[in-house]
Amino acid sequence: MDYQEAKDKFISTWGSLGSLWGINKAMAQIQALLFISIKPLSMEDIMEDLKISRGNTSMNLRQLMDWGIVTKVLISGERKEFFTTEKDVQELARIIAKERSRREIKPVIKVLEDVSSINDDGTEKSKELIKQTKALHSLTQDLDVLMNKMVNQKQNWLTKSVLKLMK
């Protein structure tokens, strides 16, 4: 397999995996392209390489910056904006985990807290709803605390955390 074929395969695969961490295919492909690039890329570079529209590229770059995964880079003498991504795999995983917690897990914890704190009218239905949503709330909160402890270890957090769990 030559460089171009390997590059295309990596970007395509990473794009397909994007849904696992809560982003769309184009967003993941842009991040993948920046991840393997040896220098920051302009929006035009990204559009040309991935064959996607300016609007799609712009919208997805903005979302990647909101996630904290992509940053703008100033290049002296250039009028264009250039973009780069976190290159450290461990740090990238940490950023994604923290952002998914903020966007997805914390809102679920809040809903479960609200639902499990309804007035108990003494009916079997109410008691069951309260019991089950309290159990889910507790589990979700515990998992969020565990994930936050893992991601706050910074250096090689994923490997260290998994190894600690296996002991």
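Visitor: Is Trp14 buried, partly exposed or exposed?

Guide: Buried means under 20% relative accessible area and exposed means over 50%, with partly exposed in between, using a 1.4 Å probe and protein chains only. The model is predicted, so local features need pLDDT of at least 70 and side-chain atom pairs count only at pLDDT 80 or more, while totals for chains, interfaces and linings use all residues. Residues are numbered from 1 along each chain as its sequence is written, and side-chain values use heavy atoms, leaving out hydrogens and water. At 22% relative accessibility, Trp14 therefore counts as partly exposed.

Visitor: What is the relative accessible area of Phe35?

Guide: Phe35 falls in the buried class. The value that places Phe35 there is a relative accessible area of 19%.

Visitor: How are the rings of Trp14 and Phe35 arranged?

Guide: Rings of Phe, Tyr and Trp (its six-membered ring) pair if their centres lie within 6.5 Å, and planes under 30 degrees apart count as stacked, over 60 as edge-to-face and the rest as tilted. A search of the whole structure finds two aromatic pairs. In the pair of Trp14 and Phe35, the centres are 6.2 Å apart and the planes lie at 5 degrees, so the arrangement is stacked.

Visitor: Which helices hold Trp14 and Phe35?

Guide: Helices (H or I, at least four residues) are DSSP runs, numbered from the N terminus. The pair links distant parts of the chain, 21 residues apart. Trp14 belongs to residues 3–17 and Phe35 to residues 25–36, which are respectively helices α1 and α2.

Visitor: Which residues do ring pairs link into a cluster?

Guide: The search of the whole structure gives two aromatic pairs. Ring pairs join three residues into a cluster, namely Phe10, Trp14 and Phe35.

Technical notes. Helices (H or I, at least four residues) and strands (E, at least two) are DSSP runs, numbered from the N terminus.
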